[in-house]
Amino acid sequence: MTRELLVEMVGKGVVTPTGLISQGRGEAYDYLMGERTIAPAEDAERAAAAYMLEAENPVVCINGNAAALDAPGLIALAEAIPARIEVNLFHRTPERMEAVISHLEASGAKEVLGREPDERIPGLEHDRALCTREGIWSSDVILVPIEDGDRAEALVAMGKKVISIDLNPLSRTSKAATVPICDEISRATGNMLRFVGEMRDDPKARLKAIDAFSGTECRRRTVDAICDSLRAGFE
């Protein structure tokens with residue numbers, strides 16, 4: 001069903017053909033993790049929710065694949081925090097920007113940023129550096145699901161706390177992120193929503209979740225879980 005949805009979204013201009021390759025790569029890692037939320041991912045989702053709640057200007061950054069795969073979940077998460085939503089695309093054209101933003105608006109999003117960029121992310125070439133001062137540029141904590149490594153690294157270099165959703169624990173995005181979530185996007189947003197609800201009125205729990213989290217250790221535990229899953233296949 002997910003694959004058919006993405007093919008449909010290619011036809012609507014929301015997803016590019018290269019986005020299908022990205023999805024296939026992610027699915028492979030999901031298989032290796034048993035197509036479930038593993039413990040290190042849940043710890044990352046808890047820390048991510050805490051970071052977003054503690055932020056002064058949290059932003060949920062959405063690209064074509066993320067919009068196609070879980071627009072309702074990302075919108076609900078942004079509303080719950082609350083956080084701004086901004087669309088940023090690797091393969092950017094005016095027509096595709098409009099397609100992605102219109103898809104989000106049709107799914108219930110309000111005041112989506114990105115149509116009229118007025119800043120550029122330092123260190124990036126071409127149009128993928130375009131962003132808005134109100135959103136990505138001034139954010140202190142930013143959620144970047146299914147992101148490319150170059151931009152994740154550039155956002156970290158700007159001093160931002162970057163939360164990634166990337167099933168590959170060895171990707172440049174996961175390595176660069178402050179909080180690397182290695183989970184399927186709809187499971188990740190659902191878990192983050194739950195933790196936002198649990199910690200909204202509990203600042204001590206938020207600080208505890210942040211202080212206890214290590215991105216490097218989380219990725220190491222994720223790789224260990226994958227290895228355990230592979231070994232289990234021979235038992």
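Colleague: Happy to start with helix 3 and helix 9: are they roughly parallel, roughly antiparallel, roughly perpendicular or oblique to each other?

Modeller: Do keep in mind that this is a predicted model. Helix 3 spans residues 39-54 and helix 9 spans residues 185-199, and their axes come within 8 Å and cross at roughly 55°. Angles under 35 degrees count as roughly parallel and 65 to 115 as roughly perpendicular. The two helices are therefore oblique.

Colleague: Is the crossing of helix 3 and helix 9 left-handed or right-handed?

Modeller: Residues of helix 3, including Glu42, Arg46 and Leu53, meet residues of helix 9, among them Asn191, Phe195 and Met199. As helix 3 passes helix 9, the crossing is right-handed.

Colleague: And how many nonpolar residues does the contact of helix 3 with helix 9 have?

Modeller: On the helix 3 side, Ala48, Ala49 and Met52 are among the residues taking part, and on the helix 9 side Ala188 and Val196 are included. By class, the contact has one polar residue, four charged residues and, for the nonpolar class, ten.

Colleague: Now helix 3 and helix 11: how are they oriented to each other?

Modeller: Helix 11 covers residues 215-232, and it packs with helix 3 at an angle of about 155°, with the axes 8 Å apart. The contact involves Ala39, Pro40, Asp43 and Ala44 of helix 3 and Cys218, Arg221 and Thr222 of helix 11. Angles over 145 degrees count as roughly antiparallel, so that is the answer for this pair: roughly antiparallel.

Colleague: Where does proline 82 lie, given the cis peptide bond that joins isoleucine 81 to it?

Modeller: Most peptide bonds are trans. The bond joining isoleucine 81 and proline 82 is cis, with omega about -10°. Proline 82 lies in the loop between helix 4 (64-80) and strand 2 (84-87).

Colleague: One last one: what is the phi of glutamate 111?

Modeller: Glutamate 111 lies in the loop between helix 5 (94-106) and strand 3 (119-120). Most residues other than glycine have a negative phi. Glutamate 111 is not a glycine, yet its phi is positive, at about 55°.

Methods:
Residues are numbered from 1 along each chain as its sequence is written. This is a predicted model: local features need pLDDT of at least 70, side-chain atom pairs count only at pLDDT 80 or more; totals for chains, interfaces and linings use all residues. Side-chain values use heavy atoms; hydrogens and water are left out. Axes are lines fitted to C-alpha atoms, for helices over the stretch in contact, and angles run from 0 to 180 degrees between N-to-C directions. Helices (H or I, at least four residues) and strands (E, at least two) are DSSP runs, numbered from the N terminus. A crossing is left-handed if the near helix is turned anticlockwise from the far one by less than a right angle, and right-handed if clockwise. Contact means heavy atoms within 4.5 Å. Ala, Val, Leu, Ile, Met, Phe, Trp, Tyr, Cys and Pro count as nonpolar, Asp, Glu, Lys and Arg as charged, and the others, Gly among them, as polar.
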